[in-house]
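Subject: Structure for you to look at

Hello,

Here is the structure I said I would pass on. Please open it beside this message and follow the residues as they come up.

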Amino acid sequence: MLANGTTPVTPKDVSGTVVIKRFLELDSATGVPNGTVITLSSTISVPGNNSSTVGIFGGWGRVVIHNGTRVYQIALPSGTVSDLGALGVPSRTSSESWAYWGVAETIGGANHLAYVRSSTTIARTKVSDGTVSTIATFANLNDMASFTVGPSLGRWYFQHEGTSQFRSGDETLGFADATMVVPTNPPTIPSEPAALTVITTEAASFSVAVNGAQPIAYQWQRGGVTSWARPV
Amino acid sequence: MPTDAAAYTVVVTNTFGAVTSSPAILTLEAITAELFKISSLKTNNSLIADPLN
């Protein structure tokens, strides 16, 4: 959940610019913030109100936000923000809820944003050149504005308001089968932590460079005993 | 972040003087083999719900 303080922010109720500073983790069963706060390494500004230009995309070990002009990645769980480049607003199904939601892909090292493009098409746009390619076509998605995927169960999830090929009636939530290619490369350490000598009571800090599929967990140890676990 | 890549040293000081460590190089390498791509989306097995009505 987006936040600029310790409570959630609701951008559609904010006029002007919304500054996102934190993510609040929600309990998967209740939807209530569970106390875990991820502070972003730098803030991200997005338009508020019903801007219809903001896109939020779930990815592998990251969340990607498109504010209508630029694309930003937030690595999880570190909260490290990086600017992925400029991108205009793609043609897509309109959302009635401030932003639309989709999936961030990494294909051959390039970032893509996958979203519902029309009532019959789910597509991806490449960052930053805007190249569009079709992922799947359907008979009728109605006004489905948002979808996401769950790799662990091999599903895609969707919501739409009116009558589609899935169901007649208002406000439908559903899922169906999806197939994804997910990272499988194990972690490697191209740069080992360097030895360090400090006088007692002085602070010491170790760093390590890693390659591998996200998300990556870190567990530092002191004398073979776990000390703390977080990326450095 | 890219700006974190640098040579790091530590200067240890006390009342009697200071000493500087030899540099430790921090290297940040891009993840090049990462792949997360939707291969296909199907319409089967849809579970329907009516959360608002």
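Predicted model: local features only at pLDDT ≥ 70, side-chain atom pairs only at ≥ 80, totals over all residues.

Now chain A as a whole. Its secondary structure comes to 18 strands and zero helices. The chain has 232 residues, and 42% of them are buried. Of the contacts in chain A with a separation of 6 or more, 38% are between residues 24 or more positions apart. Chain A exposes about 11,300 Å², and 51% of that comes from carbon and sulfur atoms.

Next, the interior. In soluble globular proteins, nonpolar side chains tend to be buried together. The largest nonpolar core here has 20 residues, and those with the most contacts inside it are A:Ile122, A:Phe147, A:Val149, A:Trp156, B:Ile38 and B:Leu41. Several strands each supply at least two of its residues: β9 (110–116), β11 (132–137), β12 (146–150), β13 (155–160) and β14 (172–181) of chain A, together with β5 (37–41) of chain B. The largest share, three residues, comes from β14(A). A second, separate core has 18 residues, including A:Leu2, A:Ile44, A:Val46 and A:Trp98.

Which residues of chain A does B:Ile38 touch? Leaving out residues up to four places away in sequence, B:Ile38 touches A:Val103, A:Glu105, A:Ala114, A:Arg124, A:Ile135, A:Phe147, A:Val149, A:Thr179 and A:Met180.

A:Trp156, A:Phe158 and A:His160 make up its covered face, while A:Arg155, A:Tyr157 and A:Gln159 make up the uncovered one. On one side, five bridges join β13(A) to β12(A), and the two run antiparallel. A:Arg155 in β13(A) is the bridge partner of A:Gly150. The hairpin of β12(A) and β13(A) has four residues between the strands, and there A:Gly154 takes a positive phi near 65 degrees. β13(A) also runs antiparallel to β14(A), with six bridges between them. Here A:Trp156 has A:Ala176 of β14(A) as its bridge partner.

Last, the aromatic rings. Over all chains, the structure holds nine aromatic pairs. In one of them, A:Phe147 and A:Trp156 have ring centres 6.1 Å apart and planes at 75 degrees, so this pair is edge-to-face. Are these two residues buried or exposed? A:Phe147 has 2% relative accessibility and therefore counts as buried; A:Trp156, at 0%, counts as buried too. The rings of A:Trp156 and A:Phe158 have centres 5.1 Å apart and planes at 45 degrees, so that pair is tilted. A:Phe158 is buried, as is A:Trp156. One aromatic cluster takes in A:Phe138, A:Phe147, A:Trp156, A:Phe158 and A:Phe166.

Regards

Terms used
Residues numbered from 1 in each chain as written. Chains lettered and ligands numbered in written order. Heavy atoms only, no water. Core = buried A, V, L, I, M, F, W, Y, C linked by side-chain atoms within 4.5 Å. Buried < 20%, exposed > 50% of the residue type's maximum accessible area, 1.4 Å probe, protein only. Contact = heavy atoms within 4.5 Å. Pairing = 2+ DSSP bridges. Areas by Shrake-Rupley, 256 points an atom, 1.4 Å probe, with all protein chains shown as cover. Phe/Tyr/Trp six-rings, centres within 6.5 Å; stacked < 30°, edge-to-face > 60°.
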